[in-house]
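Trainee: I would like to learn how to read aromatic pairs and buried residues in a model, so could we go through one slowly?

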Amino acid sequence: MEASGHRPPPPGLHYDRTFVSPGDKAAICTWLKSLYPIWEMRYSQHHPPPPDDEQRRLLRPVYWLGNWQFACLGYFHPPKGLRNRCVRAEPYPPVLRHLVNKIEKLTRRNYAPVDVPKDWKLNTCLINLYGDQLQGDKKVDAARVGEHKDFELGPVASISLGERAFFQFVESGGRQERSRVVHQMWLDDRSLQIFGGRKWKDKLFHRVQRVDRRDKAKFDLNVEGFETRRINFTFRYVPEEYILPFAKMPANDREDITPYMLQLAEKSDFFAKALGI
């Protein structure tokens, strides 16, 4: 299947190549310099690896807004993975709040009410960095994401900055068969992608196969051991009842994520206050 290029996406998908203005991009990039993304491990003492897996570091550094879904606690995953997954995190900066307001209005206008939960709002954001892990003099490409679903409720919105990414929706073949590509497209710098509904959100998986190097984009961020050429903001909805302050998390969970919280608190007044520092 050929990539869709700049053709209009099929029904159920929304794509705007120039959603983020150059001025808003500059403001976002300035704000990003105030963040200190962290490397997380996939498991922890109280949430150990299953028998067929092992402890490992995530492929890239990350940052969350609205609520932080630490990898070792498992991600928000209805119907069973609901509670004690989402820890209250920093609010959106004004430039992102402005864009999210526009995206929410656009989504409610373009998607059927059945596909948008009653209290739906984009109250959580995963900031993913795509680029190269730096291992001494060696660069290891980490600009990809394997097939997965975002299980948060309702439509998902994604803003891309930097090099374009090759994005695919697939019917998963599991471990035995090769997945079948249903639709693929390039996500450009300053673009917005929205997907929702039974087909694109609930049935199909999605993945990032690769990220270009053609524009030689490079972001000056506070990360060690990583060179970033693309940044993606994925906005999603978690019902407020499942977002807890750190102090109300179960004791074992607090113990597992305290090292991350302490690291975040070194540079963030929000997380320092959450820890009572």
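Trainee: Is Tyr 63 buried or exposed?

Mentor: Tyr 63 counts as buried, because its relative accessibility is 4%, where buried means under 20% relative accessible area, exposed over 50%, and partly exposed in between (1.4 Å probe, protein chains only). Trp 68, at 0% relative accessibility, counts as buried as well. Bear in mind that this is a predicted model, in which local features need pLDDT of at least 70 and side-chain atom pairs count only at pLDDT 80 or more, while totals for chains, interfaces and linings use all residues. Residues are numbered from 1 along each chain as its sequence is written, and side-chain values use heavy atoms, with hydrogens and water left out.

Trainee: How is a pair of aromatic rings described?

Mentor: Such a pair is described by the distance of the centres and the angle of the planes. Rings of Phe, Tyr and Trp (its six-membered ring) pair if their centres lie within 6.5 Å, and planes under 30 degrees apart count as stacked, over 60 as edge-to-face and the rest as tilted. By this rule there are 14 aromatic pairs here. One of them joins Tyr 63 and Trp 68, which are edge-to-face, with 5.0 Å from centre to centre and 65 degrees between the planes. The pair of Tyr 92 and Phe 235 is also edge-to-face, because the ring centres are 5.8 Å apart and the planes stand at 90 degrees.

Trainee: Where do Tyr 92 and Phe 235 lie?

Mentor: Tyr 92 lies in the loop between β4 (86–88) and α2 (94–110), and Phe 235 lies in strand β13 (residues 226–236), so their pair ties together parts that are 143 residues apart in sequence. Helices (H or I, at least four residues) and strands (E, at least two) are DSSP runs, numbered from the N terminus. Both Tyr 92 and Phe 235 are buried.

Trainee: Which residues form one aromatic cluster?

Mentor: The cluster is made up of Tyr 63, Trp 68, Phe 70, Tyr 260, Phe 270 and Phe 271.

Trainee: What sits over the ring of Tyr 130?

Mentor: A charge sits over a ring if NZ of Lys or CZ of Arg is within 6 Å of the ring centre and within 35 degrees of the ring normal. The charged end of Arg 60 is placed over the ring of Tyr 130, 4.5 Å from its centre, and Arg 230 lies over the face of Tyr 130 at 4.7 Å from the ring centre.
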